[in-house]
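Please keep the structure in view while reading the numbered points.

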Amino acid sequence: MLRTLRDRLLKRQASLRSAEIFDSYVARLPRLQNAVDAIGGWSCAFPPECGVSAGAIEAFDDSRIRWAIDCFGSLAGRSVLELAPGEAGHSFLLESAGAHVEAIEPSRAGFIRCLVAKEVMRLQRTRFWLGDMEAFLRETDKRYDLVVACDALRRFADPLAATALLARRADALFIHTPIAADGAPAAGDALPRRDDLIETLRDAGFSKIRKAENGSAAALSIFARK
């Protein structure tokens, strides 16, 4: 009981601090850096030509996403569902390749960073949604040309069940995820095993499966097509 009350108090205090930040005014000339500075915790670096400072990770030129685009082919006019866009770096690459992107972000802070990045990068064909990814996958009937789940499976309680849900939404998938080491516990735990993930894709009807050479035994990049 006391722990529950303490957790509620901490959440309320955090909410009040956030409200204070966003209720304040900026006494500087309008510029993009002000928007980036409005929310902390950035991980990704914007391209140098944007003239803003954020994080350090080069997500706006991620070789994993470029590989997925090469595997798919032309994205001009195609619809893409992106899960956990984080800070919109991958969204930028997908839109730059011609896609119309719908991105589902479960984190409030991540969602706000995506909106800021959308303004910085001037995205026109990408829409960000704040909400639960699994609930969306279970309830929507919409289908896409491609689903991109880069580092998203770890946010699901059961990554293999999540993969099966992804398979309902498109005939082409790109998944990048940390994987369990050989001999680790079976599916349903925090990290999927390589063979279990591939078997789940095959069971869902994906007959063409390509694995990227990423130089890491702890992560797996897969492009799959039915």
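1. Is Asn34 buried or exposed? Asn34 counts as buried because its relative accessibility is 11%, where buried means under 20% relative accessible area, exposed over 50% and partly exposed in between, with a 1.4 Å probe and protein chains only. Asn34 belongs to helix α2, residues 32-37. Helices are DSSP runs of H or I with at least four residues, strands are runs of E with at least two, and both are numbered from the N terminus.

2. The model is predicted, local features need pLDDT of at least 70, side-chain atom pairs count only at pLDDT 80 or more, and totals for chains, interfaces and linings use all residues. Residues are numbered from 1 along each chain as its sequence is written, and side-chain values use heavy atoms, with hydrogens and water left out.

3. The surroundings of Asn34 can be listed. Leaving aside residues up to four places away in sequence, Asn34 touches Val26, Arg28 and Leu29, a contact being heavy atoms within 4.5 Å. The Asn34 side chain also reaches the backbone oxygen of Leu29 at 2.8 Å.

4. For the overall architecture, the protein has eight helices and seven strands. Of its 226 residues, 43% are buried. Among contacts between residues at least 6 apart in sequence, 62% join residues at least 24 apart.

5. The seven strands form an open sheet in the order β3-β2-β1-β4-β5-β7-β6, and the pairing is mixed; two strands pair if DSSP finds at least two bridges between them. β3 (126-130) and β6 (208-211) are the edge strands, each with a single partner, so one side of each has no neighbour in the sheet. On average, neighbouring strands are turned by 15° against each other, direction ignored. Axes here are lines fitted to C-alpha atoms, for helices over the stretch in contact, and angles between N-to-C directions run from 0 to 180 degrees.

6. Within the sheet, β1 (residues 79-83) and β4 (residues 146-150) run parallel and are joined by four bridges. Leu146 in β4 is the bridge partner of Val80. Helix α3 (residues 63-72) packs on the sheet, where it touches β4, β5 (172-178), β6 and β7 (219-225), and its direction makes about 20° with that of β7. Helix α5 (residues 108-121) lies across β2 (100-105) and β3, at about 160° to β3.

7. Thr126 counts as buried because its relative accessibility is 3%. Its side chain makes a polar contact with that of Glu95 at 2.8 Å; such a contact is a pair of N or O atoms within 3.5 Å, in which, within protein, one must be able to donate a hydrogen and the other to accept it, and residues adjacent in sequence count only if both atoms are side-chain atoms.

8. Helix α7 is mostly covered, with seven of its nine residues buried. Its cover includes β1, α6 (133-139), β4, β5 and α8 (194-203). Asp158 caps the N-terminal end of α7, placing a side-chain oxygen 3.1 Å from the backbone nitrogen of Leu160.

9. Ala167 lies in α7, which spans residues 159-167, and is buried, with a relative accessible area of 4%. Apart from residues up to four places away in sequence, Ala167 touches Arg143, Leu173, Ala204, Phe206 and Lys226. The C-alpha atoms of Ala167 and Leu146 are separated by 10.0 Å.
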